Each structure stands twice: as C-alpha cells, then as structure tokens.
Amino acid sequence: MGFEVVLFLALALAAILMAFGMLLSENAVHSALFLIGNFAVVAVLFLMLDAAFIAMVQIAVYAGAIMVLFLFVIMLLGAEKSEAPQQRFRSIPALATTLVAALLVSLGLPLLLSGLNLPEPEGAAPQVRLVHGANIADADGARDLRLTLTLSGPASATFENVAFAEVTNFQTLPAGDYQALLTRADGAPVAPPSRLSLEAGTTNTIVLYGALDLNAGTFVQIGTVQHTLSPVRDNTARMQALVELDGGPYTLIDLGPNRTIDLRKRPQVDEAGNEVLDANGQPILVDTIDDPILASGLTMGQISAPFEFRAGKYWLALVNAQNRVVKVMEDYEIKRDTEKTLLFVPDYEAEPNVDGSFRVRLLDRSGATLTLPIGATFGSPRAVGQVLFTDYLLPVNLVGLLLLIALVGVVILNRPEGEKQERRANIRRKVSRPLINVISQQTGRDVLEDQPRLNPPSQAPSGD
Amino acid sequence: MNLAVPAVPTEAFIILSMVLFSLGAMGVMLRKNAILVFMSVELMLNAGNLALVAFARQWGEMQGQVFVFFIMTVAAAEVAVGLALIVTIFRTKKTINIDDLHKMEG
C-alpha cells in the first residue's frame, strides 16, 4: 500500500469521525468546531486531487469565514444547548437512519463491487505540423524547392507545397502508425518512405532536414520533435535545440552581458571525469566555454533533450566544436510559459562568411513561429482563474450579483424590529395632532381621551 | 491532462463523499437545533464538492473545480441569508428549536 493510499485512508477516517462528532455533539459550539476540522481534512483531500486553489478557498472561505459566522451566531443567540428532549416525531431517528442506510447500501454496494466503470480518459488526438528545414537545391540549381509530405495510415493527411523555412499549421490526426512519403511538386520522391508513429495526446513537429543529392544517395531526412507542453516552473520556458548543420557537435550558450564568448583554459577530462594527462604527467589544458551552456553535444538531426531556461532577453550563440561562434542571436527573447524549438539550418542564400563557410539561420526568426504556449498547472490558481475569466465570465458576474442580493437581503431581514411601525406612528401623530386639537376645541372634549368612551367595549349591551 | 493512473482511485473519493453526504443528511433529519441543521447542510454541500473535484481529476478537466468554486460562493450567500433568518426567528420566537417552530403561524 503506497503512502498516498495510507494518507487517504487516514484522512477519510478523520473526516468521517469529525462528521460523526458534529452529528452527535450535545453542544452546538463543539459541533461547529468538529465541522471546521472536517472541512480542513477535506481541504487536504482536495490537495490530493490536484485542486490546490479549491483547497485554499475551502480553508479560507469555508473553514474560515463561514464557520466563524456560524460560531458567532451560536454565541450571539446563546444556542449552545437548545435541544429539547424528544417529544414529538418519536419515529424520526429510526426512520432517518434506515433511509440513510438504505441510500448508502443501494448506491455504495454496486460502487464497491464493480467500481464506477468509468471509461479510460482518452488522450486527445495527436496534432502534427511540418517544418521545412532542408535547404536543398533542385536539379537546375533553384533553391526554393517546395515539398509535399503525405501521411497515410489510420487517416491520411498532406502538407502540400511547403516552402523552405515554412512552418505549417497543426493538423489533427487519429493516433497510430503512419507512412510518410515526401515528394516534390511533380510527384518525384525525395526521400525513401519512412514510418511515423503518432501517440495520443501528443503535439508533434515533423522536421525536414539534410541535403538532397540523388546521385550521391543522400536524401532529405524526416525527423519528429515531440513537444512535451507540460507545465514549467515559474517564469521559465522550455526549449529544444535542433541543429541541422554538418560538423559539430555544436553548443548553445548564453553570451552573457559582455556579449562575447568567454573561454578559459581548463584541464581536459575524459568521459569518466578523470583529468587527461600528457606524457609528462601534466594535465592537458584546453579551451572550455565559460559562459552558461544551454545545450551541448548538438549534432546533425539529433534533437536535444528539453531544457528549461529563465525567461528574459539573452544574447545566445551557437558555438561549433572549435569554440567558434557560428550564429549569434542578439536580444533573443525567451517568453515565459512557452515551449520553443530552436531549429538551426544552413543558409546558402546569404553571403558566406569570410572563410567561405555558410551562414547559419535560425528558423524561429523567419516569421513562422516554432514557439508553442504552455498551459498552467492543472488545478492551480492560475488555471482556475483562466477558466473563470474566459469561459465562465458571465456566471462569475452573476454569482457576484447573487452575493450582493444576499447582502441586501440580510440587511433587510435584520432591520431592528418595530422601528418601521414606530416611525410611522410618530408621523401619524405629528400629522393628526393639530387636527385632533381643532376637533377638541370645537367639541370641547379631548378626542384622544374620549376615544375609548366613544365606543366602549365594556358597554356593549344595547337594546334591552 | 493527468493521464497517469492515480494512486487512490476515484471510486474511493466517491464513496467517502457518499458517506459524508449521508451523515449530513442524518444531521438534517435528526438534529433539532436550526443552526445544526444548517451546518449539516454545509456538510452535504461539501461532500458534493468532494465528488465534483474527484471527477474533475478523473477527466482532467478544470470545469469540475470551477463548479466547486461557484458552489462555495453560493453556499456563502446561503449561509449569510440563512443565519440572518435564524437570528430574526430567534428574536420573534425566542427559540431556534425546529420542533417548536414547526407551525408557520405568525
């Protein structure tokens, strides 16, 4: 039995005992205190159910505000022990217990025996999109080669005529194994058919990379990036780097405030972590990067493990194996709660570097976005707030109105009794006094004093 | 979405919620103190909330929790009005024993 099960059983027992305590206490104050305890235990159960916000509200509103109100009224009325001994309705306790027992047995027994039979929550259908990162030339040398990807399997989908550096929209497909066929606009395949597996509930980006040289037998490669999209820590973003460049391994670093790569001589270490010694027994010093490293060991076609990085603006740089910066990303903004795919591809169109090597292009900056938003943690205040203030804005306002009406209702209910009649009587006296005075002067008698005498109930007998 | 199989099944929470609801219902039927009847109603509402939150986790949907939030708000309004009623009744009748209040005469 795991810790959670033990905790649940303990909490459930505590909650039921507290409820019994509330039910059986002679003193109303004790009942209220038992109920507060019960609410606190249920708040912990809410925490176990991934409902942090509801647990907080439970403690603050229920166990706090509402129960304090109860205790206040009990104290105000002195109603701690107002239960008179049972006189009427003698059969009620037995009847109530029977009814409740019948309810529990009729509903609980099937539940215990066969469970709720809830269907397994199905994952959402996988989503997939295509990024064309293969900077390839056609036979005639034209660079802008559009490709079409056809997926066939449980369903079929095509991403038609995708240009280089283009990011398509997401398509939703049923989960399953697909065959991916990559062709040119004229239908000629540019890659051997490959298999592609789409799992339920995943968001995938298919990345095309590599070179195309049919004579040399190189084809466009098809890679898949699976986005996690699970919540990240506060004020961070998740990133994945994907380097479609020859050579390597490449390293993605944060240049820091000085905006240049910092190198420091450090002893070389082997894979086991031991220092490598030269023939004289001295450690071999090599240049190592002293800047913060985001991702390292990036090679062609390999997707780096997702890493989290604090949101902000950075000068990032891609550094090759010789510790030379091949790409600088100036003032690169990393937004919180996003999942970024940094896709580096060779840029053959741009002027080559001085040494003749091609420039590197980051696909994220080409207008198409490879950044996906990450939702808030399930049950967190932010997640509840997002739902409350988008889908449920009208109900929220109505509930506010209801609270206002309740407030007005309480004020009206508890206006000091008799004040209304008293005030009305005062007004009547003020208005009628002068009139009565006039009548009194006319008749020579005090009308108010006379009134009982005018119609004396004691002198009812009349006639005989 | 929380697709991992939880350690404590949803059924366990539903059964606990049923037991708490039944205890609340017994309180409503058995207690004579109007305030205690009210507190029992709160217990029943809270048991319902527990079931809703359990189902919210089962389906990985926020709607269940949002609904619980609304129930809590309505319960707060209900308690305010209800306790005001009890105070008013106590002022006129000098008792809040519901057996003595069973006639609705003025």
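Which polar contact joins the side chains of Thr205(A) and Arg129(A)? The two side chains are joined by a polar contact of 2.9 Å, the term denoting a pair of N or O atoms within 3.5 Å, where within protein one must be able to donate a hydrogen and the other to accept it, and residues adjacent in sequence count only if both atoms are side-chain atoms. This is a predicted model, in which local features need pLDDT of at least 70 and side-chain atom pairs count only at pLDDT 80 or more, while totals for chains, interfaces and linings use all residues. Residues are numbered from 1 along each chain as its sequence is written, chains are lettered from A in the order in which they are written, and side-chain values use heavy atoms, with hydrogens and water left out.

Thr205(A) belongs to strand S7, residues 203–209 of chain A. With a relative accessibility of 1%, Thr205(A) counts as buried (under 20% relative accessible area, with exposed over 50% and partly exposed in between; 1.4 Å probe, protein chains only). Leaving aside residues up to four places away in sequence, Thr205(A) touches residues including Arg129(A), Val131(A), Gly223(A) and Leu370(A), contact meaning heavy atoms within 4.5 Å. The C-alpha atom of Thr205(A) is separated by 8.5 Å from that of Phe170(A), 35 residues apart along the chain.

Chain A as a whole has eight helices and 19 strands, which are DSSP runs numbered from the N terminus (helices H or I, at least four residues; strands E, at least two). Of its 464 residues, 36% are buried. Among contacts between residues at least 6 apart in sequence, 62% join residues at least 24 apart.

Asp337(A), buried at 12%, forms a salt bridge with Arg382(A), their closest N and O atoms being 2.9 Å apart. Because Asp337(A) lies in the loop between strand S16 (325–334) and S17 and Arg382(A) in helix H5 of chain A, the pair ties together parts 45 residues apart in sequence. Asp337(A) also meets Arg336(A) in a salt bridge of 3.2 Å, N to O. Arg336(A) is partly exposed at 39%, as is Arg382(A) at 34%. Salt bridges that share partners join Arg336(A), Asp337(A) and Arg382(A) into one network.

The interface of chain A and chain B takes 83 residues from chain A and 75 residues from chain B. The buried area, the accessible area (1.4 Å probe) that two parts lose on being put together, summed over both, is about 7300 Å², with carbon and sulfur atoms giving 78%. Leu49(A), Phe70(A) and Phe378(A) supply 10% of the area that chain A buries against chain B, more than any other three residues. Across this interface the rule finds zero salt bridges, but eight residue pairs in polar contact, both at pLDDT 80 or more. Elements giving two or more residues to the side of chain A that touches chain B include helix H1 (3–24), helix H3 (52–77) and helix H6 (393–413) of chain A. H3(A) gives the most, with 13 residues.

Conventions:
A salt bridge is a side-chain nitrogen of Lys or Arg within 4 Å of a carboxyl oxygen of Asp or Glu.
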